[in-house]
Amino acid sequence: MNGETVSVGTTDHPEGERLRGRIAAELARARSRTALLTEAVDDADLMRQHSPLMSPLVWDLAHVGNQEELWLVRDVGGREPVRCDIDELYDAFKQPRRDRPALPLLPPAEARAYLGTVRDKVHDLLDAVSFTDRPLVAAGFAFGMIVQHEQQHDETMLATHQLRAGAAVLHAPPPPEPTARVGGEVLVPAGEFTMGTDSDPWALDNERPAHRVDLPAYVIDAAPVTNGEYEAFIADGGYDDPRWWSAAGWEHRVSEQLVAPMHWRRDGDGWAYRRFGRWDPVRADEPVVHVCFHEAQAYAAWAGKRLPTEAEWEKAARWDPATGRSRRYPWGDGDSTEAHANLDQRHLRPAPVGAYPAGASPLGVHQLIGDVWEWTSTTFRGHPGFTAFPYREYSEVFFGDDYRVLRGGSFGTDRSACRGTFRNWDYPIRRQIFSGFRCARDAAPDESRR
Ligand SMILES: [Fe+2]
C-alpha cells in the first residue's frame with residue numbers, strides 16, 4: 001500500500017466511461033448477492049460459526065468491506081482510512097477461521113453500515129479515476145480484483161450456507177434439463193498450446209503470463225463424473241479397497257471414515273443428498289459434488305484412469321485446433337451467458353450432463369466452466385515467469401505441494417471470477433467446497449495415430 005493518489009484526468013473519454021459503467025454494474029451485482037446471502041438468515045445465525053472450516057457469515061461480510069477499503073479507498077484513492085482499527089480483525093492471514101467467532105467482530109448492523117460507507121467512497125473515486133498505465137488501475141484492475149474478491153467470498157458464504165443446519169432459506173429454480181447426449185471420452189492430439197494469459201485485463205497474477213506448453217496426446221472425459229458413475233464406485237466397494245487410494249488418501253479415508261461424498265446419506269437402496277437444508281434423492285446424471293481430491297483420485301484409479309493435469313484441463317478447455325489459438329472460454333472469447341454455463345448462483349446445484357451444449361469446447365468437451373470445480377493432479381505453482389501482483393499474499397504464499405489446483409468454477413462461482421485461465425487451489429482433504437472432477441488417461445499408441 002503506497003498511498004499514491006490516482007491522477008484525476010478527463011472523465012469523458014468514451015472508453016473510460018464504458019469501463020466506469022461496467023465496474024459500477026459489477027460492484028452492484030456483487031453487493032446484491034452479498035446482501036441476499038447475508039439477509040437470508042437472522043443476526044444470531046450471521047454471528048454463529050456453522051463449521052470450524054468456515055467463518056461466521058458476519059466475518060466474511062465485514063472482511064469484504066475491509067479489503068475494498070484497503071485496496072480502493074486507501075491505495076487507489078489515497079483517501080483517509082474509514083476504520084483502520086479493524087484491519088487486524090479482518091486480516092485472513094492473522095485470524096485463522098476456527099478462531100474468528102471469538103473475535104470482537106462488528107455486529108451485523110455495524111458491518112452493513114461500514115460496507116455502505118466504504119462503497120460510497122468507492123463510487124466517489126470511481127467517478128474521478130483515470131485508468132492510467134499505473135498497473136493497479138490500468139483497465140480498472142484493482143476494481144476488478146475487488147469485484148472478484150467479493151464474489152469469491154459470496155461463493156464461500158454459499159458453502160457456509162450448505163454447512164448450516166436448519167430449514168432452507170435459499171431458493172433458486174432448477175438448472176436446465178439435458179438437450180444433448182454427452183458422454184465418453186475425447187482425444188486431444190499431441191502438441192503445443194498457449195496456457196495462461198497476458199491479455200485478459202482482470203486476470204489475476206497466478207493466471208499470468210501466457211506461455212507455450214507441449215503435451216503428449218491424451219484422452220479426457222467429455223463430461224464431469226456423475227453421481228450415477230460415482231455410486232457404481234461406492235457399490236463396487238471403492239471406499240473399502242486401499243488399492244485405489246494413495247497412501248495419504250487411504251489414511252485420510254480411514255481416519256475420517258469416509259463412505260460417500262459429503263452431505264450424502266443412505267436412502268433405501270440408494271442415496272439422498274442434503275443441499276441447502278433440503279433432502280433430495282441423488283440424481284444419477286448430475287456431476288458429483290463435495291468430493292475431496294483423494295476421493296477423486298481413488299475413483300479415477302478404480303475407473304482405470306487418472307485425474308487430468310492442470311495443463312491437460314486447460315488445453316481441453318481452450319485450445320482451438322482450427323486456429324491453434326487458446327480461447328478465453330471453451331465456447332469462444334465472449335463473456336459467459338445463461339446458455340453457456342451454470343454459474344452465478346442462478347441454480348443451487350450442478351446441472352445434469354448435456355444441459356449446456358452451447359458451452360462445449362471446440363474438441364467437444366462439455367461443462368468445463370460452471371457446475372463443479374474440477375480437481376486436477378497438479379500442485380499449485382506459478383506459471384513460468386510468474387510475478388506476484390499486487391501482493392504476495394494473493395497467491396504466491398500458497399505455492400508448493402500442499403495444495404491441488406481446481407479449475408472451471410462451480411454453480412456457486414460468479415462469471416466475473418471464472419475464466420478459461422482462472423485457477424483455484426485447496427487442500428486435498430477439502431470437500432465443503434463445490435468440488436467434483438473428470439478423468440483423463442494417456443492416449444494409447446493406436447489412438448494417438450488416428
Ligand atoms: Fe478474502
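Glu229, Tyr230, Ala232 and Phe233 in helix α6 meet Glu295, Ala298, Tyr299 and Trp302 in helix α8, where contact means heavy atoms within 4.5 Å. The residues of this contact divide into 6 nonpolar, no polar and 2 charged. In this division Ala, Val, Leu, Ile, Met, Phe, Trp, Tyr, Cys and Pro count as nonpolar, Asp, Glu, Lys and Arg as charged, and the others, Gly among them, as polar.

The model is predicted: local features need pLDDT of at least 70, side-chain atom pairs count only at pLDDT 80 or more, and totals for chains, interfaces and linings use all residues. Residues are numbered from 1 along each chain as its sequence is written, and side-chain values use heavy atoms, with hydrogens and water left out.

**Packing of two helices**

Two packed helices are described by the angle between their axes and the distance between the axes. For α6 (residues 227-235) and α8 (residues 293-302) the angle is about 80°, and the axes are 11 Å apart. The helices α6 and α8 are therefore roughly perpendicular to each other, a term for angles of 65 to 115 degrees; under 35 degrees counts as roughly parallel, over 145 as roughly antiparallel and the rest as oblique. Axes are lines fitted to C-alpha atoms, for helices over the stretch in contact, and angles run from 0 to 180 degrees between N-to-C directions. Helices (H or I, at least four residues) and strands (E, at least two) are DSSP runs, numbered from the N terminus.

| Strand pair | Bridges | Facing residues |
|---|---|---|
| β4 (residues 218-221) and β12 | 3 bridges | Ile220 opposite Ala440 in β12 |
| β6 (residues 270-275) and β7 | 4 bridges | Arg274 with Trp279 in β7 |

**The iron site**

The protein donors of the iron ion are His63 (NE2), His149 (NE2) and His153 (NE2), lying 2.2 Å from it. Donors are N, O and S atoms within 2.8 Å of the metal (3.2 Å for Na, K and Ca); water is not among the atoms, so sites may look incomplete. Along the chain the donors follow the spacing H-x85-H-x3-H. His63 lies in helix α3 (residues 57-76) and His149 in helix α5 (residues 141-163), so the pair ties together parts that are 86 residues apart in sequence.

His63 counts as buried because its relative accessibility is 3%; buried means under 20% relative accessible area, exposed over 50%, and partly exposed in between (1.4 Å probe, protein chains only). His149 is buried with a relative accessible area of 15%.

Asn66 is placed in helix α3 and is buried, with a relative accessible area of 0%. Not counting residues up to four places away in sequence, Asn66 touches Ile86, Asp87, Tyr90 and Tyr114. Asn66 and Val118 are 52 residues apart in sequence and 8.2 Å apart in space, C-alpha to C-alpha.

Key
Two strands pair if DSSP finds at least two bridges between them.
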